[in-house]
Amino acid sequence: MGDIYFPSCNFTKASPQAAKKLRALLREQMPAAGCCRTDKKEYPAGERALYFCQACREVLEERFPQLVPENLFVWLDREAGFVLPDYSGLAVSVQDCWRDREHPEIHRAVRSLLSKMGVAVREISRNREQADYCGNLHFAPERPEAADLVNARPGVPLYQFPEEEQRVIFAEQLEKHGGLPVLCYCNRCKLGIETAGGKAVHLMELLMETA
């Protein structure tokens, strides 16, 4: 079974240096596809589609049902030949993504990679399968001041809220991380933490040593 790498357009925009290093690394082992939303190539059934963006997974499952999607962090964790950088002394608080709540293999791979890199991990209470946060795509705040803002715009997605309101809403999630850098593996989760004024790092940035 061959592998095909589907890059994340949103990650490429947010972290172009890391995306470039990742593409160069994977180019030696497999072809890279175009944008999952517009790629019109016909791929053989049974090929493995490697992705690390939650939105890409949703598109792949709809547009390329003949492919077998696998999360790139799971693949990297399994690859014995992939040399990991050393971050001994770094401590982070992990933000699991609501869209990955039914993917325990991703939760395991993320923590395994962090452990192999010497990163100390702090867990918040609603993690792994209990994750209820995905930045401006999904979050239900409990604090009255934030909940009032959300309830005042019924049916309006959070990403359409003014940034100053998003900052107030996401401050609740940021505080759960206790002041540590927040380790994300979702573009929207990272953006939400940063909107609240927090320091966030994408796991792929750590792996590519561009954080």
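**Entry 1: R111 and its partner**

I started with the side chain of R111, which makes a polar contact with the side chain of E123 at 2.6 Å. By polar contact I mean a pair of N or O atoms within 3.5 Å; within protein, one must be able to donate a hydrogen and the other to accept it, and residues adjacent in sequence count only if both atoms are side-chain atoms.

Before going on, a note on the source: this is a predicted model, where local features need pLDDT of at least 70, side-chain atom pairs count only at pLDDT 80 or more, and totals for chains, interfaces and linings use all residues. Residues are numbered from 1 along each chain as its sequence is written, and side-chain values use heavy atoms, with hydrogens and water left out.

Is R111 buried or exposed? R111 counts as buried because its relative accessibility is 10% (buried is under 20% relative accessible area, exposed over 50%, partly exposed in between, with a 1.4 Å probe and protein chains only). Leaving out residues up to four places away in sequence, I found R111 touching V94, D96, E123, N127 and R128 (contact is heavy atoms within 4.5 Å).

**Entry 2: the helix**

R111 sits in helix α5, residues 104-116. Helices (H or I, at least four residues) and strands (E, at least two) are DSSP runs, numbered from the N terminus. I checked the length of α5: its 13 residues should span 18 Å at 1.5 Å a residue, and the end C-alpha atoms are 18 Å apart, so the two agree (expected span is 1.5 Å times one less than the number of residues). Among the buried residues of α5 are I106, H107, V110 and L114. Just after α5, G118 has a positive phi of about 80°.

**Entry 3: the sheets**

I then traced an open sheet of four strands, in the order β5-β4-β6-β7 with parallel pairing (two strands pair if DSSP finds at least two bridges between them). Its edge strands are β5 (120-123) and β7 (200-202), each pairing on one side only. Inside it, β4 (residues 91-95) and β6 (residues 182-184) pair over three bridges, and S93 stands opposite V182 in β6.

Helix α8 (residues 187-195) lies across β4, β6 and β7, at about 165° to β7 (axes are lines fitted to C-alpha atoms, for helices over the stretch in contact, and angles run from 0 to 180 degrees between N-to-C directions).

Another open sheet has three strands, β1-β2-β3, also parallel. There, four bridges join β2 (residues 48-51) to β3, and A49 has P69 as its bridge partner.
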